[in-house]
Amino acid sequence: MKYVDEYRDAALVHQLAGAIARLATRPWTIMEICGGQTHAIVKFGLDELLPRTITLVHGPGCPVCVTPAEIIDHAVALALRPNVTLCSFGDMLRVPGAGIDLLTAKARGGDVRIVYSPLDAVTVAKENPTREIVFFAVGFETTAPANALSVQRAQREGVRNFSLLTSHVLVPPAMRALLSAPDNLVQGFLAAGHVCTIMGLAEYGPIAREHRVPIVVTGFEPVDILEGVFRCVQQLETGRAEVENAYARAVKTEGNVHARHVVEAVFAVADRNWRGLGLIPRSGLEVRPELAEFDAAKRFQLSRSAGRPDTICISGEIMRGVKKPHDCPAFGTTCRPEHPVGAPMVSSEGACAAYYRYRSRTATATIAV
Ligand code: SF4
């Protein structure tokens with residue numbers, strides 16, 4: 001398939017792995033931000049092609065994994081109201097909250113519908129004018145434009161029974177939070193190419209300079225990822241800390257200006273609680289006050305609780321790069337895809353689900369902190 005096969009070229013992959021091995025003179029720890037990149041690394045065994053001096057750790061870029069339990073609980077409570085239809089992407093239905101998940105709520109009679117676009121939820125609202133239709137708007141900068149468009153469409157078409165339950169998060173504040181942690185191990189980042197397709201590169205320069213950390217914007221196929229690692233190691237070995245774009249076929253320096261404007265028109269930056277990572281200031285998006293009628297949190301007067309830490313799930317330590325899924329005692333035992341204890345075992349972008357699918361299913365310590 002054009003634009004995929006050439007980025008899965010085995011000979012090129014081995015060439016790049018060899019070049020990285022020749023380049024690396026000491027240990028380096030590099031974090032890929034996005035769960036899609038994590039999935040590709042584990043699926044294709046890219047980390048196992050690298051020299052032992054290069055450690056890839058898996059960042060907080062899986063939207064399902066960082067959606068806090070209290071938002072899941074709000075979604076469940078809304079779904080169980082007699083006059084509410086909760087529309088969601090399918091991957092949110094099995095994410096555990098503090099109580100039941102959305103699939104269980106549906107089994108108990110809640111009106112939970114899987115949609116493939118937030119615009120589909122606007123259509124559901126138009127077709128059901130006597131019901132309140134809430135779209136569960138989770139994700140990073142990548143999903144924010146379509147969610148913002150759904151509000152603009154509902155407003156333009158006079159759809160007054162539509163609102164968003166938002167749990168939008170932003171990548172750059174999370175990178176800063178990880179780098180500022182006292183136990184941080186990350187020395188270089190593979191930034192998420194699709195996030196930069198929307199947002200461009202402007203936010204990453206100050207992070208690279210202030211934290212002295214190379215940031216390479218990277219795609220999602222094996223050749224993309226190893227090129228990102230190569231460029232990152234090149235910078236680390238030569239003492240540079242710059243932003244490089246290794247995904248130029250999709251990412252422009254300025255990003256997608258139109259999409260950014262749509263997001264800014266509908267959402268404002270706000271503090272956000274991340275599952276496993278806690279509260280990160282100015283790391284999320286919420287519906288602007290002037291569009292409050294489209295904000296389910298305001299419309300249904302949902303509380304902004306501080307959130308509760310997961311009890312045995314170590315997803316926070318995995319997403320900070322200090323542990324790997326095999327380090328979790330629940331991995332493959334009490335926590336499996338059919339009975340997930342934590343969100344990273346649910347989502348196809350979650351590190352635990354990727355390790356469960358493609359690696360040994362027994363827990364072994366892999367990183368010394
Ligand atoms: S294996 Fe399960 S409980 Fe352990 S970190 Fe992963 S999702 Fe959480």
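Select helix α1 (residues 10–23) and helix α12 (residues 222–238) in this predicted model. On the α1 side, the residues in contact are Leu12, Val13, Leu16, Ala17, Ala19, Ile20 and Leu23. They meet Pro222, Val223, Leu226, Glu227, Val229, Phe230, Val233, Gln234 and Glu237 in α12.

Now show the two helix axes. Those of α1 and α12 come within 9 Å and cross at roughly 15 degrees. Angles under 35 degrees count as roughly parallel, and α1 and α12 are therefore roughly parallel to each other. The crossing of α1 past α12 is left-handed.

Next, move to the sheet. Six strands make up an open sheet with mixed pairing, and their order is β4-β3-β5-β6-β11-β10. Which strands stand at the edges? Select β4 (111–114) and β10 (267–274): each has a single partner strand, so one side of each is left without a neighbour in the sheet. On average, neighbouring strands of this sheet are turned by 25 degrees against each other, direction ignored.

Cys87 can be found opposite Arg113 in β4.

Then bring in the helices that lie across the strands. Helix α5 (residues 69–79) lies across β3, β4, β5 (132–139), β6 (162–169) and β10, and runs at about 165 degrees to β6. Finish with helix α9 (residues 171–180), which lies across β6, β10 and β11 (278–287). Its direction is at about 175 degrees to β11.

Methods. Residues numbered from 1 in each chain as written. Predicted model: local features only at pLDDT ≥ 70, side-chain atom pairs only at ≥ 80, totals over all residues. Heavy atoms only, no water. Axes fitted to C-alpha atoms, helices over the stretch in contact; angles between N-to-C directions. Helix = DSSP H or I, 4+ residues; strand = E, 2+ residues; numbered from the N terminus. Parallel < 35°, antiparallel > 145°, perpendicular 65-115°, else oblique. Left-handed = near helix turned anticlockwise from the far one by under 90°. Contact = heavy atoms within 4.5 Å. Pairing = 2+ DSSP bridges.
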